[in-house]
Amino acid sequence: MDKISIETLKVLRRRRSIRRYQKKEVPAEIIQDIIDCARYAPTARNVQPWRFVVITDEALRRKIAETSDHGKFIADAPVCIAVFCEDTKYYIEDGSAATTYILIAAKAYGLSSCWVAGDKKPYAEDIRKILNVPSSHNLISMITIGYSSEETTSEPPKKPLKDILFPSPFGERQDIP
Ligand SMILES: Cc1cc2nc3c(=O)[nH]c(=O)nc-3n(C[C@H](O)[C@H](O)[C@H](O)COP(=O)(O)O)c2cc1C
């Protein structure tokens, strides 16, 4: 495998949700490039129903944080990207694919992130209104991005490969840390 592919797999395996960030700005061109990467996410019938809102303004981040339930740390993250999708048949899948691309692109830039729930949450409509997004679009997620200030990165347990295959076509294999 070429070097770039190996690095890509490391990025996938090493991404973790981080909820505490340094008070350090993230360059605008990096955020722009991260969103540009999201454009390449797959969508059903290639409809690309998404719109992204970048929130760096502190007062606005605080308002969004207060409106959410498990997203209070949005207030202290330098950047929050809200992902919206037009109400198409596969909007949740499409928006989730874009969200995942953003998490991975952020990690590739050495940044940390966390997916905060949007669709299905009672606050989704309130966030849409706060951000002046038309009612034709649903909130999929809010993604915090910044430089981690967590000294020890929590390692949420991941199920081993052998437990997630129906049935395992492979022999015993050590998971790659
Ligand atoms: C659909 C979805 C919604 C999530 N919502 C929240 C949230 O509201 N607040 C939060 O702190 N983390 C949220 N997370 C992050 C998960 O808690 C996290 O991905 C999970 O614990 C696994 O940890 P990891 O991302 O470090 O692998 C969400 C993740 C997904 C996929």
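Q48 is in the loop that joins α2 to β1, where helices (H or I, at least four residues) and strands (E, at least two) are DSSP runs numbered from the N terminus. The model is a predicted one, in which local features need pLDDT of at least 70 and side-chain atom pairs count only at pLDDT 80 or more, while totals for chains, interfaces and linings use all residues. Residues are numbered from 1 along each chain as its sequence is written.

**The loop between α2 and β1**

Q48 is not a glycine, yet its phi is positive, at about 45 degrees. The loop between α2 and β1 (50–55) also holds N46. N46, likewise a residue other than glycine, has a positive phi near 55 degrees. Most residues other than glycine have a negative phi.

Burial is judged by counting other C-beta atoms, placed from the backbone, within 10 Å of a residue's own: 20 or more is buried, 12 or fewer is exposed, and anything in between is partly exposed. N46 has 7 such atoms and is therefore exposed. Q48 has 18 and so is partly exposed.

**The chain as a whole**

The chain has five helices and four strands. Their order along the sequence is α-α-β-α-β-α-β-α-β. The radius of gyration of the chain is 17 Å, close to the 16 Å from the globule rule for 177 residues, so the chain is as compact as a globular protein of that length. That radius is taken over C-alpha atoms, and the rule is 2.2 Å times the number of residues to the power 0.38. The C-alpha trace spans about 55 × 40 × 30 Å along its principal axes.

Of the 177 residues, 28% are buried. Two residues are in contact if their C-beta atoms, placed from the backbone, lie within 7 Å. Among contacts in the chain with a separation of 6 or more, 78% are between residues 24 or more positions apart.

**Helix α1**

Helix α1 covers residues 3–14, and its 12 residues should span 16 Å at 1.5 Å a residue; the end C-alpha atoms are 16 Å apart, which agrees. The expected span is 1.5 Å times one less than the number of residues.

**Packing against α4**

Both α1 and α2 (residues 28–38) pack on α4, as tabulated below. Axes are lines fitted to C-alpha atoms, for helices over the stretch in contact, and angles run from 0 to 180 degrees between N-to-C directions.

| Pair | Axis distance | Angle |
|---|---|---|
| α2 and α4 | within 8 Å | roughly 140 degrees |
| α1 and α4 | 9 Å | about 115 degrees |

Angles under 35 degrees count as roughly parallel, over 145 as roughly antiparallel, 65 to 115 as roughly perpendicular and the rest as oblique. α2 and α4 are therefore oblique to each other, whereas α1 and α4 are roughly perpendicular.

In the α2 and α4 pair, I34, C37 and A38 of α2 meet A98, Y101, I102, A105 and A106 of α4. In the α1 and α4 pair, V11, L12 and R14 of α1 meet I104, K107 and A108 of α4.

**D94 in α4**

D94 belongs to helix α4 (residues 91–108). D94 counts as buried because 25 C-beta neighbours lie inside 10 Å. Apart from neighbours within four places in sequence, the contacts of D94 are T43, A44, P49, W50 and C85. V53 is 41 residues from D94 in sequence, and their C-alpha atoms are 16 Å apart.
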